[in-house]
Amino acid sequence: MKKFVALMMALILALSVCAVASAEGAKKVGIAMPTQSLERWNRDGAYLEAQFKEAGYDTIVTFSNNDNDQQVRDLENMLSQDVDLLIISCIDSDGLNTVLNDAADKGIPVIAYDRMIFNDAVSYYVSFDNYTVGKLQGEFVRDALDLDNAGDKTFNMEFTGGAPTDPNAFYFFNGAYDVLKPYIDAGTVIIPSGQNEMGQVGTEQWSTDTALARAQNILGSFYGDGATVLDAWLCSNDSTAAGVAQAIESDYAGDNAVIVTGQDGDIANLKNIVDGKQTMTVYKNVANEAIVTLAVAKAILEGGDFDGAAFAAAQEIECAYDTESYASSEGHPTPSFLLVPTVVTKDNLDYLVGTGLYVMGDDGYLQAAK
Ligand code: BGC
């Protein structure tokens, strides 16, 4: 009898373990990243996959080579594999409407990850405060040039923005431009190329080569005589800053140090910061972005009431709950969780080491922590 009870207990235990495993394991999460060609999305993909797997979810992770049609196919494929939730960092915010309508028809919730998608199928947006990212870049240039005390002095600068299909590119550019506009209007800051709108400064696919070619062109056309000093080049992110820094090295006639901004803390750009070819990067801890995304996903998948503000306040990671700044193209608010970016320069590289995600190499350059 004792043996029988023990056997039954073991069976019940095994069954309940199975129930837990299958309750968690049965949930499948599709994670769609834009491309592997830009450093950060490899990190995002890896962190998200690790977070979700560790929490007991099945995952499908795709990178769509910066090709919207490919991303649509990848998402349709996820839907056909009966995912329970989609996490999407889009390539073209306007290019996903049909597949998102399919997701909505199937009742599959969607989290827009890092890049906003203006569709009612999106339940939540998890990102950083991207207008603030641009603002930090603009303020950095303002303070580095001491524009408030410029007197009669004038400064020359140029802008390089991001992919026009990525809503973030507009938030970054607007955040930076809003800070610098008063100085441009006052004539303290001059843009010799005259290119000061996203339609002119945008960079398809955030490509380093495209940013390089445009910068070479501008340097040749407007700074070629060596008489026009280039004081600053505001780049929205690190992949474009890499191209601009390369152009300054090869094609700029002047010998002054040019202020170059960036964003992401890519390894190659951190090296450029140490070497003085880039001046700053706005760092966004994407490991934390993945943690917040998992927490939001759990809340969605577990159902029940979800108090976003209380939830954001309870996170260990600083994160604001915003129900006003983002809305679908149908005009419905998209509740958002926005993490906080940090300025990194040569002087506070330790901050990155402190995240545990970077280590200082013997050569004086940062490397990704293993
Ligand atoms: C991200 C940036 C990134 C850029 C290019 C943006 O949507 O927010 O961190 O540099 O895409 O990958």
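The shell around the ligand takes at least three residues from each of two domains: domain 1 (2–128 + 285–340) and domain 2 (130–263), with bounds from an automatic or database domain assignment. Keep in mind that this is a predicted model, where local features need pLDDT of at least 70, side-chain atom pairs count only at pLDDT 80 or more, and totals for chains, interfaces and linings use all residues. Residues are numbered from 1 along each chain as its sequence is written, and side-chain values use heavy atoms, leaving out hydrogens and water.

So who's at the ligand? There are 13 residues around it, and Asp 114, Arg 115, Asp 166, Asn 237 and Asp 264 come nearest; being near takes a heavy atom within 4 Å.

Now look at the ligand's oxygen atoms. A polar side-chain atom of Asp 264 sits 2.5 Å from one, while a side-chain N or O atom of Asp 166 is 2.6 Å from an oxygen of the ligand. For Asn 168, the side-chain N or O atom is 2.9 Å from a ligand oxygen. Polar contacts like these pair N or O atoms within 3.5 Å.

Technical notes:
A polar contact is a pair of N or O atoms within 3.5 Å; within protein, one must be able to donate a hydrogen and the other to accept it, and residues adjacent in sequence count only if both atoms are side-chain atoms.
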